[in-house]
Amino acid sequence: MLASKIKDGLMNFISSDSKHIKIIVAIGLVGIILIFASNLFDADEKKTEINDTSISYEEYTTQLEKRLKDLISSIDGVGECQVMITLENTTESVYATDVEIKNDDETINQKDEYVIYDSEKGETPMLIKEYLPKVQGVTIVCSGGENKAVREKVIQSVTSLFNISTNRVSVSKIKS
């Protein structure tokens, strides 16, 4: 009963004026165009997010040194300071692999292949994780480097930040 009333109402609306149909069709087309346009903008944003996550070895080292310099120079008694950081290795990338294992009667064969996808640059392996290099050693030269208490504060800060042993941190007085 309700369905028949709705059907009758729609038929009266449609038959009453063709302008209503044109307006409804126009609104529908505009909606479809907006949906497609939003998908294009989302795809562009995702591509830039992926490309922006990569950082070079030099940029990473420079950022670490700047942040450490800002932190260390804020410790009471340090004064002016310079920082140098050495890293153990470069960035390590882990890519997705497809493993196929064949088990014959006497032998087992394993075949590993990278998972490849199409990108703007052509076919590329699928990156799962990227490990940044670990800090190997830190040298800090500062105005308060001759003071034992300042030196201990600096060494304690650096070792706790980078999870390295105290023999990998050097603190010295800056040349006047």
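Two strands count as paired if DSSP finds at least two bridges between them. Strands (E, at least two residues) and helices (H or I, at least four) are DSSP runs, numbered from the N terminus. The views below come from a predicted model, in which local features need pLDDT of at least 70 and side-chain atom pairs count only at pLDDT 80 or more, while totals for chains, interfaces and linings use all residues. Residues are numbered from 1 along each chain as its sequence is written, and side-chain values use heavy atoms, with hydrogens and water left out.

**View 1. An open sheet of three strands.** Let's start with the sheet, whose strands run in the order E1-E8-E9 with mixed pairing. E1 (81-87) and E9 (169-173) are the edge strands; each has a single partner strand, so one side of each is left without a neighbour in the sheet. On average, neighbouring strands here are turned by 10° against each other, direction ignored. (Axes are lines fitted to C-alpha atoms, for helices over the stretch in contact, and angles run from 0 to 180 degrees between N-to-C directions.) Five bridges join E8 (residues 135-142) to E9 in the parallel sense, and Cys-142 can be found opposite Lys-173 in E9.

**View 2. Two helices on the sheet.** Helix H3 (residues 57-73) packs on the sheet and touches E1 and E8, where contact means heavy atoms within 4.5 Å. The direction of H3 makes about 140° with that of E1. Helix H4 (residues 148-162) packs there too, touching E1, E8 and E9, and its direction makes about 150° with that of E9.

View 3. Which residues of H4 are buried? They are Val-150, Val-154, Ile-155, Val-158, Thr-159 and Phe-162. They cover an arc of only 155° around the axis, which puts them on the same side of H4; the arc is that of the directions from the helix axis to the C-beta atoms. Their cover includes H3, E1, E8 and E9. Look to the other side of H4 for Glu-152, Gln-156 and Ser-160, which are exposed. (Buried means under 20% relative accessible area, exposed over 50%, and partly exposed in between, with a 1.4 Å probe and protein chains only.)

**View 4. One aromatic pair.** The structure holds one such pair: the ring centres of Tyr-95 and Tyr-114 are 5.9 Å apart and their planes meet at 85°, so the pair is edge-to-face. (Rings of Phe, Tyr and Trp, its six-membered ring, pair if their centres lie within 6.5 Å; planes under 30 degrees apart count as stacked, over 60 as edge-to-face and the rest as tilted.)
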